[in-house]
Amino acid sequence: MRYLGIDFGLKKIGLALGEIETKLATPLEVIPGGEEGFKILLDLIKSEDIDVIVSGLPESDYYSKQLELTKKFVQRLKESISI
């Protein structure tokens, strides 16, 4: 089973791959934010045969705007793929 970890940002999106068999996660790449990054992300999910996606969320109230943006991004991702 292959996992994709996402660290969402408006300017950049950090990605990491993880595998159940090896119990290891490794950095994959940083892609641009926005529409260009979203398209790259969808293509990568298909090409890397991803089974599970995990997204980080900011905890602090200081980052409440970032939290809302991340939730919107995750919702859009859910609507665009069937994982």
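Trainee: What do strand 2 and strand 3 form, and how many residues are between them?
Mentor: They form a hairpin with four residues between them, and Lys23 in the turn has a positive phi of about 60°. Strands here are DSSP runs of E with at least two residues, helices are runs of H or I with at least four, and both are numbered from the N terminus. Two strands pair if DSSP finds at least two bridges between them.

Trainee: Before I go on, what kind of model is this?
Mentor: It's a predicted model: local features need pLDDT of at least 70, side-chain atom pairs count only at pLDDT 80 or more, and totals for chains, interfaces and linings use all residues. Residues are numbered from 1 along each chain as its sequence is written, and side-chain values use heavy atoms, with hydrogens and water left out.

Trainee: Okay, back to Lys23. Buried or exposed?
Mentor: Lys23 counts as exposed, because its relative accessibility is 74%. The cut-offs are under 20% relative accessible area for buried and over 50% for exposed, with partly exposed in between, using a 1.4 Å probe and protein chains only.

Trainee: Which other non-glycine residue has a positive phi, near 55°?
Mentor: That's Asp49. Asp49 sits in the loop between helix 1 and strand 4, and is exposed too, with a relative accessible area of 54%.

Trainee: How many bridges join strand 2 to strand 3, and which way do they run?
Mentor: Eight bridges, and the two strands run antiparallel. Within that pair, Leu17 stands opposite Thr26, and Ala16 has Pro27 as its bridge partner.

Trainee: And what about strand 1 and strand 2?
Mentor: They pair in the antiparallel sense over six bridges. Strand 1 and strand 2 also make a hairpin, with four residues between them. In strand 2, Gly18 is the residue opposite Tyr3.

Trainee: So what's the strand order in the sheet?
Mentor: It's 3-2-1-4, in an open sheet of four strands with mixed pairing. Strand 3 (24-32) and strand 4 (52-55) are at the edges with a single partner strand each, so one side of each has no neighbour in the sheet. On average, neighbouring strands are turned by 25° against each other, direction ignored.

Trainee: Where do the helices go?
Mentor: Helix 1 lies across strand 1, strand 2, strand 3 and strand 4, at about 145° to strand 3. Helix 2 lies across strand 1, strand 2 and strand 4, and runs at about 170° to strand 4. Those angles run from 0 to 180 degrees between N-to-C directions, with axes as lines fitted to C-alpha atoms, for helices over the stretch in contact.

Trainee: What's the pattern along the sequence, then?
Mentor: It reads β-β-β-α-β-α, which comes from two helices and four strands.

Trainee: Let's switch to the core. Which residues have the most contacts inside it?
Mentor: Leu4, Ile6, Ile13, Leu15, Leu41, Phe73 and Leu77, in a largest nonpolar core of 15 residues. Strand 1 (2-7), strand 2 (12-19), helix 1 (34-47) and helix 2 (64-80) each supply at least two residues, and helix 1 gives the most, with five. A nonpolar core here is a set of buried Ala, Val, Leu, Ile, Met, Phe, Trp, Tyr and Cys residues joined through side-chain atoms within 4.5 Å.

Trainee: What does Ile13 touch?
Mentor: Leaving out residues up to four places away in sequence, the residues Ile13 touches include Ile6, Phe8, Val30, Pro32 and Phe73. Contact means heavy atoms within 4.5 Å.

Trainee: I was also looking at Gln66. Where is that one?
Mentor: Gln66 is in helix 2, and counts as partly exposed at 22% relative accessibility. Ignoring neighbours within four places in sequence, Gln66 is in contact with Phe8, Gly9 and Pro58. The C-alpha atoms of Gln66 and Leu10 are separated by 8.8 Å, though these residues are 56 apart along the chain.
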